[in-house]
Amino acid sequence: MEDLVAKGELHSVDTNDEGFMTQLRLGKSYLHGVDAHERPICVIRTRLHHSSDQRPEALERFTVWEMETARLLLTGNIDTACVVFDLTGFTVHHPVTVTDNS
């Protein structure tokens, strides 16, 4: 894991870490600016996650990379991020409980 944090995503290209690169290419999650409190916004596109299609190690490496990248965007006294789960296109293949408060 330290190699990824220290050397970045391009190191994964050089070392043929295909599992990590697959996660990155999918666009499963991405950073998108900051919120009103200057916290980095991480958007997770749940419809792109299929646990049977990836090794847990690759997902773990991708998650750590995303978190460390978000950490680089922290400024001042900010030490948290805003995580948004995009449920667009989420299907029964991905069980979820949604509460309608209307």
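## Strands and their pairing

Two strands are said to pair if DSSP finds at least two bridges between them. In this predicted model, 3 strands form an open sheet in the order β1-β2-β3, and the pairing within the sheet is mixed. Strands β1 and β3, the latter covering residues 82–86, stand at the edges with a single partner strand each, so one side of each is left without a neighbour in the sheet. Direction ignored, neighbouring strands of this sheet are turned against each other by 25 degrees on average.

Strand β1 (residues 29–34) pairs with strand β2 (residues 40–45) in the antiparallel sense, and the pairing runs over 4 bridges. Serine 29 stands opposite isoleucine 44 in β2, while valine 34 has proline 40 of β2 as its bridge partner. The two strands form a hairpin with 5 residues between them, and in the turn glutamate 38 has a positive phi of about 70 degrees.

## The chain as a whole

The secondary structure of the chain comes to 4 helices and 3 strands, which follow one another along the sequence in the pattern α-α-α-β-β-α-β. The chain has 102 residues, of which 26% count as buried. If contacts between residues at least 6 apart in sequence are considered, 65% of them join residues at least 24 apart.

## Helix α3 against helix α4

Helix α3 (residues 18–26) packs with helix α4 (residues 56–72) at an angle of about 55 degrees, and the axes of the two helices lie 8 Å apart. That angle makes α3 oblique to α4, and α3 passes α4 in a right-handed crossing. On the side of α3 the contact is made by Gly19, Phe20, Gln23 and Leu24, and on the side of α4 by Ala58, Leu59, Arg61, Phe62 and Trp65.

The buried residues of α3 are Gly19, Phe20, Met21 and Gln23, and among the residues with which α3 meets α4 are Gly19, Phe20 and Gln23. Just after α3, glycine 27 takes a positive phi of about 70 degrees. Helix α4, for its part, also lies across β1 and β2, where its direction runs at about 10 degrees to β1.

## Phenylalanine 62 in helix α4

Phenylalanine 62 has its place in helix α4 and is one of the residues through which that helix contacts α3. Its relative accessibility is 3%, and because buried means under 20% relative accessible area, phenylalanine 62 counts as buried.

Leaving aside its neighbours within four places in sequence, phenylalanine 62 is in contact with Phe20, Gln23, Leu24, Lys28 and Ser29. Glutamine 23 and phenylalanine 62 are 39 residues apart along the chain, yet their C-alpha atoms are separated by 6.5 Å.

Key
Residues numbered from 1 in each chain as written. Predicted model: local features only at pLDDT ≥ 70, side-chain atom pairs only at ≥ 80, totals over all residues. Heavy atoms only, no water. Axes fitted to C-alpha atoms, helices over the stretch in contact; angles between N-to-C directions. Parallel < 35°, antiparallel > 145°, perpendicular 65-115°, else oblique. Left-handed = near helix turned anticlockwise from the far one by under 90°. Contact = heavy atoms within 4.5 Å. Buried < 20%, exposed > 50% of the residue type's maximum accessible area, 1.4 Å probe, protein only.
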